[in-house]
Amino acid sequence: MEYNFREVEKRWQAFWAENKTFRAEDRSSKPKYYVLDMFPYPSGSGLHVGHPLGYIASDIFARYKRLKGYNVLHPMGYDSFGLPAEQYAIQTGQHPEITTKTNIARYREQLDKIGFSFDWDREVRTSNPDYYKWTQWIFIQLFNSWYNPETDKAENISTLIEKLRSNTLSFGEGRGEAFSSLSEKEQSDLLLEHRLAYLSDTMVNWCPQLGTVLANEEVKDGVSERGGYPVERKLMKQWSMRITAYADRLLKDLDGIDWTESIKEAQRNWIGKSEGTSLKFKLQSSAEVIEVFTTRPDTIFGVSFVTLAPEHELVSQLTTPQQKTTVDEYILFAKNRSERERMADVKKISGVFTGAYVLHPFTGKQIPIWIGDYVLAGYGTGAVMAVPGHDSRDYAFAKHFDLPIIEVVTGGDLSKEAYDAKEGKLINSDFLNGLEVKAAVKKAIAVIEEKSLGKGKTNFRLRDAVFGRQRYWGEPIPVYYENGIPKVLDENELPLVLPEVDKYLPTETGEPPLARATNWKYKPKSPFEGGKGDDAYAYEHSTMPGWAGSSWYFLRYMDAHNRKEFVSKEAVDYWQNVDLYIGGAEHATGHLLYVRFWTKFLNDLGLIPVIEPAKKLINQGMIQGVSSFVYRIENSNKFVSIGLKKDFETTALHVDVNIVNNNTLDIDAFKNWREEYKDAEFILEDGKYICGSEVEKMSKSKWNVVSPDLMVEQYGADCLRLYEMFLGPLELSKPWNTNGISGVSNFIRKLWRLYQKDETFSVSNEAATKPELKALYKTIKKIIHDIENFSFNTSVSSFMICVNELTDLKCNKREILEPLAIIIAPYAPHLAEELWKNLGHTETITYAAFPECIESYLVESTFSYPVSFNGKTRFFQEYDLSLNKEQIEKEVLTLEQTQKYLDGKAPKKVIVVHNKIINIVV
């Protein structure tokens with residue numbers, strides 16, 4: 001009886017859905033285990049075979065943990081707000097909610113076909129008001145909180161107000177007026193300087209084509225990641241999140257989590273902690289000072305110029321009239337480059353002289369002030385003291401503009417490059433001369449502080465996260481403006497639901513799309529309800545960024561239907577944090593930083609018991625496409641096969657990989673593929689058209705997308721699951737090759753046949769032999785090791801070896817085949833369920849017990865000796881390990897093969913090395 005995967009998979013998927021097989025218990029005597037995938041944005045194109053890679057891995061682990069006796073939470077949902085749906089809405093006029101729901105239905109259908117063990121009762125969608133009500137609620141908690149440096153955690157803003165009223169604030173430079181004497185607007189502005197969610201004038205990445213602000217990680221090489229549109233730097237009043245308050249904790253706590261080192265290093269670099277000192281340079285022409293931050297105060301006597309960020313607030317004030325035009329042109333150029341681009345591009349050197357000077361704090365010497373876009377306004381003070389002799393970027397700048405380079409630390413050759421090393425003796429440095437670098441740093445800071453020129457401090461590269469987006473399809477920010485003062489809604493007024501608008505574009509005056517909503521105003525309670533009257537106030541017209549909803553979704557899965565709170569104390573105390581989180585490495589400095597920030601904030605307020613969202617994080621690699629190419633002869637509609645194209649001038653064109661098999665083009669399908677090719681002619685080799693191929697990113701534009709639906713239809717879901725794991729280590733990128741999947745399909749059929757006898761399902765109850773038990777328990781041991789080390793590709797190889805061994809042994813015994821069905825269940829769940837049912841079980845295999853490895857079956861009782869004659873191996877002979885050397889010598893000499901090689905001669909000597917070799921000297 002052949003294995004009918006279509007019928008089997010359809011039946012078990014229906015069974016799982018009907019019986020809610022994978023529903024996690026809210027309370028259980030079993031230990032808990034929380035497996036989470038980074039949830040997808042549901043795009044219109046659906047999943048391709050690269051998308052399920054991480055989901056398959058997490059599903060294997062979730063199923064394995066259930067078999068090991070755990071109460072497993074393995075949920076799925078959708079990150080359903082975002083730009084693509086809105087862009088589509090702008091083009092078609094269709095509401096983004098409609099396309100989002102359509103796309104989600106498509107994703108759900110595809111995910112179900114692959115047989116994932118998700119607890120669908122806990123599904124969340126970030127665009128559902130029942131969900132974003134709580135995203136808005138968290139925003140309100142952030143708005144109503146400040147970061148107290150004395151307690152090193154977030155607190156309610158009321159504690160700050162109390163300190164301000166009693167003048168006990170122990171940080172900052174103080175204010176001339178008492179807090180209570182300030183106007184309401186002045187009090188609001190002061191508090192906004194400390195709130196964790198705040199409104200301020202901020203330099204942002206503005207994309208005119210998309211009509212919105214973008215986060216740094218959404219900008220690549222000066223253009224938007226989505227759409228590839230130009231991005232410029234712009235000063236805007238904008239909502240931001242004070243993630244910088246958590247910089248040190250975000251850095252320190254990386255040491256306590258089991259995340260990939262590459263992700264942790266990316267976060268360390270993004271946070272960018274540096275120890276140093278501030279230092280003030282007085283302007284020559286006024287009483288103003290330029291404050292810099294430096295990690296190398298020992299090099300103060302090597303300063304030959306000061307560089308300001310183009311956005312620095314003093315640039316317009318200090319630039320001389322003669323340089324104004326040049327400076328203004330440069331600022332315009334610089335604002336069209338993102339901070340990420342400016343940080344990464346070390347080869348492009350640009351800058352202009354302002355015409356102004358500062359005075360050296362120790363020598364009083366004039367030092368020219370330049371502006372250069374390698375200096376960032378948001379890092380440090382937006383100004384650097386340039387020491388070209390001992391800083392590579394300063395050196396390149398000085399060389400480019402022919403500025404002085406002064407050596408102040410020995411050990412390098414400044415004619416070739418800057419000497420960046422933090423070792424050597426100080427020279428040309430007044431009171432620092434002769435000191436080693438470390439000692440010079442300490443002395444420099446001491447003298448700088450003694451002379452009140454600055455003070456030692458810690459700096460971070462991390463910037464506050466811009467939170468507002470000038471788009472429609474996102475969470476409304478629950479803020480209204482009363483007399484220009486931002487105020488948040490009461491919690492009982494949530495959710496603030498996204499209003500209807502006539503278009504999804506900015507207004508004619510450039511306001512965000514929400515400004516188009518009619519009668520969308522905040523109406524406070526009447527005096528009878530304890531309110532202020534019937535006035536109506538404008539809501540905030542920006543929406544939240546995509547990362548808002550994804551910064552806490554792991555918590556909502558624990559208690560998805562709670563209408564009273566974002567998650568109950570009981571649920572979060574039970575599930576704690578994610579035990580295993582799987583997703584793409586591209587989220588290292590975006591989502592993964594934001595979710596850590598929100599987790600720490602919610603912990604500060606005592607709302608959750610954990611300080612990190614996930615204990616272990618694994619990044620899956622990418623499944624790349626293998627593109628196929630046809631070669632069109634120039635100025636014709638004739639195509640030449642790859643082996644003959646050297647004789648012609650050709651253009652390579654992508655062709656749909658679904659009409660190419662083993663690099664051979666289906667010519668009829670190609671003619672029907674596109675109208676322009678219906679009359680195409682072909683120059684063949686050996687009667688075939690052979691295509692070229694190249695590994696590239698899987699993309700619709702390259703026609704190399706392979707649909708999992710097609711693979712499931714042709715080979716089955718279990719085959720797809722096994723094959724994706726078989727392609728290579730989970731963390732590495734690897735090319736998709738449909739040709740290889742047939743080998744996995746053959747393996748499944750071979751496994752199925754082990755349970756057959758005379759074309760019907762039948763297993764024997766005979767006792768297993770030692771070789772059969774050895775084959776099974778060797779595999780059990782390997783599978784346990786592989787799953788727990790996330791080495792899923794080698795597991796598939798082990799299954800194949802085991803099935804081959806059992807086939808050779810003609811094994812058909814329940815004692816072997818029943819455990820085999822259990823251990824393959826995480827990988828091929830439909831097949832395993834069918835085998836389990838046919839073995840006579842009435843319950844699902846999902847909660848069977850994963851077999852333990854019995855080591856005694858793996859202990860060898862015999863050894864296969866290589867038998868050599870005069871040192872040359874002639875054959876192998878197996879002997880029991882209990883035999884001594886004399887017994888083995890006696891046995892080997894009686895063998896027919898031994899007599900053949902002796903050829904009637906008597907052996908001079910027989911050498912037996914126990915468990916190694918037998919050598920007969922003739």
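How many Å separate the centres of domain 2 and domain 4? Taken over C-alpha atoms, those two centres are 65 Å apart. Good morning, colleagues. The model before us is predicted: local features need pLDDT of at least 70 and side-chain atom pairs count only at pLDDT 80 or more, while totals for chains, interfaces and linings use all residues. Residues are numbered from 1 along each chain as its sequence is written, and side-chain values use heavy atoms, with hydrogens and water left out.

Let me begin with the domains, whose bounds come from an automatic or database domain assignment. Domain 2 covers 273–460 and domain 4 covers 717–857. Among the others, domain 1 is made of 138–265 and 465–539, and domain 5 runs over 860–921.

I turn now to the salt bridges. The term denotes a side-chain nitrogen of Lys or Arg within 4 Å of a carboxyl oxygen of Asp or Glu. The whole structure holds 49 of them. One joins D579 to K32, at 2.7 Å from N to O. D579 belongs to strand β22 (residues 578–583) and K32 to strand β1 (residues 32–37), 547 residues apart; strands are DSSP runs of E, at least two residues, and helices are runs of H or I, at least four, both numbered from the N terminus. D579 is buried at 8% relative accessibility, and K32 is buried at 15%. Here buried means under 20% relative accessible area, exposed over 50%, and partly exposed in between, with a 1.4 Å probe and protein chains only.

D579 also forms a salt bridge with K615, with the closest N and O atoms 3.2 Å apart. K615 lies in strand β23 (residues 614–619), so this pair ties together parts 36 residues apart in sequence. K615 is partly exposed, at 41%.

Finally, the cavities. On a 1 Å grid over the protein atoms alone, a cavity is a set of points where a 1.4 Å probe fits but cannot get out, and lining residues have an atom within 4 Å of a point. Points are joined across faces, edges and corners, and a volume is the space filled by probe spheres set on them. There are two cavities of 30 Å³ or more. The largest has about 50 Å³, and its lining includes R63, L67 and I845.

Key. 1 Å grid on protein atoms, 1.4 Å probe; cavity = no way out; pocket = protein on both sides within 12 Å on 5 of 7 lines; lining within 4 Å.
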